[in-house]
Amino acid sequence: MQDKHIPVGRTVVDRATAVVTEEWCRALDMTDPSPDDDFFQAGGNSLLIATMIDRVEQRLGILFPVEVAFIDGTLGAMTEACAERLATAEGTTA
Amino acid sequence: MSGTLPRLGVLHAPHAAANLRDLVLAGRDRCEVVLVVRREVAAAEPDMVRLGRALTTVEVIGDDVPRELAALGLDGLVTFHDAELEAYDAAVRDLGLPGATEVDHPWDKLVQRRLLNAAGVSTVRSAPVDSPEGLVAAAAEVGLPAVLKPRRGTASTDLSFLTGPADLEAEPGRRENWSGLVLEQMIERAAHPSGRRWLADYVSVETVTHQGEHTHVAVFDKTPLAVAGGDGPCRHAVRETGDVLPAQLPPHVYEAVLATTSAALDALTVRDRVSHTELRVSQDGVEVIEVNGRLGGEVAGMIGMMGGSGLVRAAFDLALGRRPEVAAPTRPDVLISLYVPFPERSGPVRATVTRTQVRELPGVVRVDEVARHGAARADTAFHAVKVLIIAPDADAAGPLVRTVATRVARLFEADGLGADPWLDQLAGDPGEPSAETGGTTT
């Protein structure tokens, strides 16, 4: 089930970026993260990222790219990978 | 994963010294990481297993550990968890993999102390205890003051400090668990040999041993221990409160620390593994507190941040029979991992503090944990906050740590942090500028 709070008509990149950034900030209790910020270097741990992954999956209706979260770990890489998955799921271009 | 890479089993559980991300990154392009998880751990930690399966191979095993590990066709095995050390030692010996020690049970604190005594590395007396009557006999042998503690594990709980006859008499009425204990002569406390009063009188050493050759990668100072108050089995639970890299030891003490660590590892017949040794230090000498047969918690990340090599990766190489690349930290500044403790372990967190508030404290470069209002204090291992602090040099580190701890105590005033005697142990050195007030310490 996708999030009803995201306005229809926004691009998949906008929607993925909005949701991933929001859940990132919620998990880490922070505002204004940069795309280069690393989840784990910002104080995240396996428990927090598991929670974030659950929330993003529920809101975007995608399977979260877990390997990107753990291997790259940056906000930019996660939003980009989620946008690609969202585009694939919706049959559009990210 | 490529089929040509060697298969490395990692006996894994939560709260290990290496987490899932550490394992995945260390194994990249090096080996196929096979997370080996006990059935009861898998049942209790479904998220860990789910994430693990998304990243690598996960094998859930039952009670017949040697047979089930043998069936996995592993090229190497490693663990970063204390609870798995004995199973690991038995398995690598059975399977003929690198990592085995020649002696049995070297991480049992009684066996370990006797091995260290026999090798002339330690003079601390110890005796086994399995009953209240046995405690009296052990105290007659060891003498007081002494520490009564479990022979296995490093959770720093279930400890009793027996300072005199009154404690000895009272202990049977306080303690519930009497199996597998050791009474050890208490090592005399001393000032840190640098004279810095905010540093505790013990250090830890991370060592990479390849084919019996020891490379000591880093020595960490510690901030003062905190001891939980109150009654019950945790009344003397010791809480570590911080690691400091690099250690501020005079050269002769530093050399003694390294030499004693090498001698201790030789006595325990360590040949291929990463180990974590804790030693009491003073101007007059060095005494081994204990040797752990795995990487220390927290420290690998700190060594990496300071320019040193990855110790999880080194442990992987050792487990696969390879010589690891080892480099000591190179950065000139001082990195402190500080975990500010709750003075009272029981009950929920009363204060409401955000990560943002903690992030704004001076010198803080990372906030790893902030206890949430209403959560059990146990959820954060009884720490109010856990942060990383960078100081430009050793002289600046003490005032910075004291300032952060004092301000955290104010944020958590509702939980009684301001009244914790632990804060007093962070006293400034005479004449040192106070970062908090601008005055000087007397």
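User: Which side chains meet in a salt bridge at 3.1 Å, N to O?

Analyst: In this predicted model, the side chain of Arg50(B) meets that of Asp54(A) in a salt bridge, with 3.1 Å from N to O. A salt bridge is counted when a side-chain nitrogen of Lys or Arg lies within 4 Å of a carboxyl oxygen of Asp or Glu, and across the interface of chain B and chain A the rule finds two of them.

User: How should I read the packing of two helices, and what is the angle between H2(A) and H3(B)?

Analyst: Two packed helices are described by the angle between their axes together with the distance between those axes. Here helix H2 of chain A, residues 46-60, packs against helix H3 of chain B, residues 46-55, at about 75 degrees, and the axes are 10 Å apart. That angle makes H2(A) roughly perpendicular to H3(B).

User: How many residues of chain B are in contact with chain A, and what area is buried between the chains?

Analyst: Turning to the whole interface, 18 residues of chain B are in contact with 21 residues of chain A. The area buried between the two chains is about 1,600 Å², and carbon and sulfur atoms give 51% of that area. Of the area that chain B buries against chain A, 38% is supplied by Arg21(B), Leu51(B) and Arg355(B), more than by any other three residues.

How values were computed. Residues are numbered from 1 along each chain as its sequence is written. Chains are lettered from A and ligands numbered from 1 in the order in which they are written. This is a predicted model: local features need pLDDT of at least 70, side-chain atom pairs count only at pLDDT 80 or more; totals for chains, interfaces and linings use all residues. Side-chain values use heavy atoms; hydrogens and water are left out. Axes are lines fitted to C-alpha atoms, for helices over the stretch in contact, and angles run from 0 to 180 degrees between N-to-C directions. Helices (H or I, at least four residues) and strands (E, at least two) are DSSP runs, numbered from the N terminus. Angles under 35 degrees count as roughly parallel, over 145 as roughly antiparallel, 65 to 115 as roughly perpendicular and the rest as oblique. Contact means heavy atoms within 4.5 Å. Buried area is the accessible area (1.4 Å probe) that two parts lose on being put together, summed over both.
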